[in-house]
Amino acid sequence: MNGKGLRTEWTIAILFLAPSVIGFALFYVIPFTVGIFYSMMDSTVNGSFVGFENYRELLDSGSFRKAAMNTFVFTGVSVPFLIILSLLFALLLNQQLFLRNWLKTSFVLPLVVPVASIVLFWQILFDWNGTVNMWLQGIGIDRIDWMKSEWSMGVLTLLYIWKNIGFNIILFLAGLQNIPQSYYETADIEGAGQWHKFTHITLVYLTPTMFLVLLMSIINSFRVFRETYLLAGDYPYDRIYMLQHYMNNMFYSLDMQKLTSAAVLMVGGILIIVTIMLLVERRFRNFME
Amino acid sequence: MKKIGLFSLICMMVFVLAACSNNTDGEAESSENEKAAGSQHQTDKRTDAGKQTDTQTDTEPSSSKTENGKTVITFATFYENDLFKEAKRKYEAKHPNIEIQLTSQHASGMDANWDNWETIHEQFVKTTNTQMLAGSGPDVLELDELPIGQYVNQKVLVNVGELMENDPDFHKDQYFVNILDNFKLNDGTYAIPLQFYLNGFTGVQEDIEQTSVSFNDQSWTWEQFIQVSKEMINKGDKKHAFEAPTPGGLLNNLVQGRYSEFVDEANRKANFDSAAFIGLMKQVQQMLDQGIITTEGGGADSTYFRDEILLSISDYLRKQNSSYGEKFYIMPHAEEQKAGGHFQALNMIGINAHSPVKEEAWDFVKFLMSEELGQSTDTLMDTGNQTGFPLNRNVYQKQAQNLLQIGKMNDYEGREFTITEKDLQSLESYLTAAVHPIEYKFTLIQEIIYEESEAFFAGQKSAEDVAKLIQNRVTTYLNE
């Protein structure tokens with residue numbers, strides 16, 4: 001009796017999963033696999049196998065190295081910033097605060113604003129002839145070329161944090177609310193200070209949430225390409241020239257070999273980072289239990 | 001055990017469905033691969049630089065692409081063109097075993113609906129690019145809107161230059177050889193312009209001669225032109241020497257003149273952050289300030305020279321004989337280039353390197369270039385569009401003779417004038433002197449220079465800052 005019930009359940013499950021799996025395979029898995037093959041050939045039509053020649057050419061390209069460095073620096077700088085800020089705000093919002101709901105809404109709003117509006121507004125603010133420069137001139141400081149100097153990385157980081165802080169705050173709030181109050185009460189009885197409570201209770205029990213937030217933030221840091229492209233075009237100032245810019249340009253110049261090799265390298269890099277993170281998380285979880 | 005079975009079931013379903021949806025493409029692809037494998041030998045020979053000697057050995061039967069027993073040649077164009085429609089009719093009448101499938105994406109002419117142009121254009125370019133890269137795509141293409149340079153790099157166009165050399169039926173002297181010889185990329189001809197416009201300057205002859213500044217427009221460079229402009233301003237009454245619609249455009253022209261000084265593509269280096277480039281920018285600014293060039297359209301009264309583009313024989317005659325007394329002058333050329341005029345190619349035709357019917361396609365292209373098709377008038381009756389100068393000299397002669405016979409014509413102000421042999425001869429000398437092709441689409445580097453220099457010419461950024469920015473962005477591009 002059990003066996004038969006299980007079979008029907010499995011069939012129903014497959015039927016529900018099928019559209020999603022088919023779509024995923026058709027639009028992601030299969031093209032990417034074909035892309036891996038293309039990256040080893042010298043032409044998309046009647047190409048001959050050239051092994052890692054394309055990868056060698058790719059690593060030779062100064063712009064690719066620059067793009068990879070920029071992407072790495074951007075993720076490395078903005079993700080810690082974002083996590084610290086969102087944790088702080090989550091802690092604040094976890095307490096009884098005046099205007100708490102209004103604050104929560106205002107943090108989440110950036111996520112639902114359409115990209116075109118965000119880009120328009122940001123452009124008006126940070127253009128050479130834009131609002132921020134006008135204010136600066138008003139108080140007597142020289143204009144700064146925001147999008148065409150080293151400051152462009154700062155503008156992007158600001159955009160990234162502004163956009164994604166709401167999402168992380170929600171995740172942290174959920175994590176915080178899962179910590180039983182009894183732990184804090186026990187700690188109070190034992191006479192633990194604020195800092196001690198924070199590091200030994202909050203942070204420790206937030207760690208699973210922390211991993212999730214870290215993962216989502218890293219992925220979102222790659223998503224910032226959309227706003228960057230709309231703000232600065234195909235060939236921005238070289239400080240904000242990212243991997244996706246490189247791949248986009250290769251696509252437009254019909255250079256499929258470099259495009260597919262760059263994509264494979266990027267996916268490989270992300271896979272390594274995520275795998276390391278998941279391994280560490282599993283270790284930690286075993287330790288906790 | 002059950003789980004393994006179910007998982008393999010899922011995987012199989014995924015693959016089967018994916019394979020099924022690819023079926024139509026898959027079939028086409030596998031048959032393409034067969035043909036491609038067979039014609040791989042030919043393709044390799046054709047795209048080998050200059051080693052091809054004998055087209056006669058490429059006798060693979062062309063019946064591999066037939067419908068109803070006829071060989072099909074697909075011909076893709078972007079704009080509708082009556083010339084091509086007529087070509088299809090005439091060629092099919094002459095060769096009953098051939099069918100030409102002519103496709104176009106957008107109507108041309110004044111009454112067409114231009115609202116969706118951008119979408120249609122983008123889609124056309126993307127679809128054609130993908131098809132060409134996948135080894136399919138049309139047999140014959142009109143390359144005006146397509147990235148010819150990238151196609152050549154990816155080796156998807158036939159080197160028609162070699163076809164021309166090796167075909168005993170093709171007589172190069174029937175055409176304007178200067179146009180054919182100078183429309184090359186990587187030392188090969190991959191696109192044949194069926195028509196062309198002539199670019200140059202126009203100026204009121206009397207006023208120019210009055211200043212008695214000597215110059216030779218057959219061979220002057222941009223540097224010499226700037227000198228001449230300065231002298232003319234000093235000696236004559238007019239306020240400006242040259243009308244530059246945008247200072248950025250003029251800057252681009254000057255940079256083109258010394259391109260190798262600023263861009264070293266082989267070593268992937270740019271040299272814009274240099275005194276030379278900053279000097280150029282300041283020079284253009286100076287010319288603007290001194291009034292040598294103006295960005296306002298003052299017309300013939302306030303400037304000596306203006307940009308001009310000749311659209312057809314009638315166009316030339318009307319402008320030559322207008323009441324202003326204007327004369328056509330050859331534009332200055334870049335320091336590094338040879339002397340000669342400039343032309344803009346139209347209706348460029350290319351052959352797909354992976355086409356299964358290359359022989360027939362080449363025959364059709366020859367027909368397109370021949371005088372059997374050439375129109376005897378250079379203005380289309382129904383749309384009034386100028387057709388450009390034909391590549392085929394015999395067609396040109398026919399048009400010229402036709403006009404001579406008509407004898408009289410109205411200029412753009414409605415005044416009548418007589419058409420003289422002298423006018424036509426001077427036009428012909430300009431046509432045979434045109435050697436530099438002009439792209440009306442900006443290259444990327446030109447776009448970058450144009451965008452960044454705007455801030456300098458508006459007085460907002462210093463030349464040094466702009467030079468650094470240009471250097472930065474161009475280096476990113478060169479290093480890709």
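## A tour of chains A and B

Start by selecting residues 20-63 of chain B: pLDDT (the predictor's confidence in each residue, from 0 to 100) stays under 50 there, and the model has 48 contacts for this stretch beyond four places in sequence, a contact being heavy atoms within 4.5 Å. This is a predicted model, in which local features need pLDDT of at least 70 and side-chain atom pairs count only at pLDDT 80 or more, while totals for chains, interfaces and linings use all residues. Residues are numbered from 1 along each chain as its sequence is written, chains are lettered from A in the order in which they are written, and side-chain values use heavy atoms, with hydrogens and water left out.

**Chain B as a whole.** Colour chain B by confidence. The mean pLDDT is 78, and 84% of the residues score at least 70. Confidence in chain B is lowest in helix 2 (residues 23-47), with a mean of 37, and highest in strand 4 (residues 140-142), at 92. Chain B holds 18 helices and 16 strands; these are DSSP runs, numbered from the N terminus (helices H or I, at least four residues; strands E, at least two). Of its 480 residues, 50% are buried, that is, under 20% relative accessible area, with exposed meaning over 50% and partly exposed in between (1.4 Å probe, protein chains only).

**The interface.** Next, show the residues where the two chains touch: 34 from chain B and 35 from chain A. Together the chains bury about 3100 Å², 62% of it on carbon and sulfur atoms; buried area is the accessible area (1.4 Å probe) that two parts lose on being put together, summed over both. Select B:Leu133, B:Gln460 and B:Glu480, which supply 20% of the area chain B buries against chain A, more than any other three residues.

Two salt bridges are counted between the chains, each a side-chain nitrogen of Lys or Arg within 4 Å of a carboxyl oxygen of Asp or Glu. For a salt bridge to display, pick B:Lys461 and A:Asp145, whose side chains meet at 2.8 Å, N to O.

**Helix 5 of chain A.** Finally, select residues 115-126 of chain A, which form helix 5. Its buried residues are A:Val115, A:Ile118, A:Val119, A:Trp122, A:Leu125 and A:Phe126. Turn to the opposite face for the exposed residues A:Ala116, A:Leu120 and A:Phe121.

Terms used. The expected span of a helix is 1.5 Å times one less than its number of residues.
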